Amino acid sequence: MGSEASTLTPEKVKELEEETHFDEKELKQLLQRYMNYDSSPSGEDGIPIEEVLGSPELSGSPYARRLAWSYLKDGTHRLHPESYLRLLSILSSRATFIEKSKALFQSLDIHKEGLVRFDEFFRLYKSILTPALSDAQIVDFVQSILQKGDLQEKEGMTYEEFTKMISPQELHEKMTVDLRLST
């Protein structure tokens, strides 16, 4: 089992303290959890995405899957220490509505064009609403959202429109996980 000291440099830990919602002690606790999943000597192998998503911390969040995929950078389907910590920060209760909504929007905007399109909404709602709704019902639902007359772009929804569509309370509930950090 690796040690958290070799997982990230002290400079990187300091950077993460400034850019996430965790202090140094909490980062060390979370890095220790990370090392429970990644048994490589210094955490360089990464954690398979499905293992991360099956962890007790993330298994209850309907948006965790979509967000986790957006934190993969190398095509290996593995989360590495920094990405793992940034993901947990966005899913923490300390992240604001703006941070959570931007992260979710960016994870849905797979073409990186500032729009969430039909296929992206369909995949999102399918992951949340199946098996309660059929694919045809989900298609109707997504079409009704995108056929609103007040959208700037006919083929998709901008971030500003997206934030008007979602409830801050609902987003907080669905994008917050209990990390059980000791203080």
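Helices (H or I, at least four residues) and strands (E, at least two) are DSSP runs, numbered from the N terminus. The model is predicted: local features need pLDDT of at least 70, side-chain atom pairs count only at pLDDT 80 or more, and totals for chains, interfaces and linings use all residues. Residues are numbered from 1 along each chain as its sequence is written, and side-chain values use heavy atoms, with hydrogens and water left out.

Q: Where is Arg180 found, and is Arg180 buried or exposed?
A: Arg180 is found in the segment after α11 (168–174). Although Arg180 is not a glycine, it has a positive phi of about 45 degrees. Buried means under 20% relative accessible area, exposed over 50%, and partly exposed in between (1.4 Å probe, protein chains only). At 66% relative accessibility, Arg180 therefore counts as exposed.

Q: What is the phi of His77, which is not a glycine?
A: His77 lies in the loop between α5 (64–70) and β2 (78–79). At 42% relative accessibility, this residue counts as partly exposed. The phi of His77 is positive, at about 65 degrees.

Q: Which residue has a side chain joined to that of Glu113 by a polar contact?
A: Glu113 lies in the loop between α7 (97–108) and β3 (116–117), and is partly exposed, with a relative accessible area of 39%. A polar contact is a pair of N or O atoms within 3.5 Å; within protein, one must be able to donate a hydrogen and the other to accept it, and residues adjacent in sequence count only if both atoms are side-chain atoms. At 2.3 Å, such a contact joins the side chain of Glu113 to that of Arg117.

Q: What distance separates the C-alpha atoms of Glu113 and Thr158?
A: Along the chain, Glu113 and Thr158 are 45 residues apart. The separation of their C-alpha atoms is 9.3 Å.

Q: Is Phe105 buried or exposed?
A: Phe105 has its place in helix α7. Leaving aside neighbours within four places in sequence, Phe105 is in contact (heavy atoms within 4.5 Å) with Gly114, Leu115, Val116, Met157, Thr158, Tyr159 and Phe162. Its relative accessible area is 5%, so Phe105 is buried.

Q: How many charged residues are in the contact of α2 with α6?
A: The axes of helix α2 (residues 10–19) and helix α6 (residues 81–91) come within 11 Å and cross at roughly 15 degrees, which makes α2 roughly parallel to α6. Axes are lines fitted to C-alpha atoms, for helices over the stretch in contact, and angles run from 0 to 180 degrees between N-to-C directions; those under 35 degrees count as roughly parallel, over 145 as roughly antiparallel, 65 to 115 as roughly perpendicular and the rest as oblique. Lys12, Glu15, Leu16 and Glu19 in α2 meet Glu82, Leu85 and Arg86 in α6. With Ala, Val, Leu, Ile, Met, Phe, Trp, Tyr, Cys and Pro counted as nonpolar, Asp, Glu, Lys and Arg as charged, and the others, Gly among them, as polar, the residues of this contact divide into two nonpolar, no polar and, as charged, five.

Q: How many nonpolar residues are in the contact of α8 with α9?
A: Helix α8 (residues 118–129) and helix α9 (residues 135–146) pack with their axes 9 Å apart and at an angle of about 130 degrees, so α8 and α9 are oblique to each other. Residues of α8, including Phe118, Phe121 and Tyr125, meet residues of α9, among them Ile138, Val142 and Leu146. The residues of the contact of α8 with α9 comprise two charged, one polar and, as nonpolar, 11.
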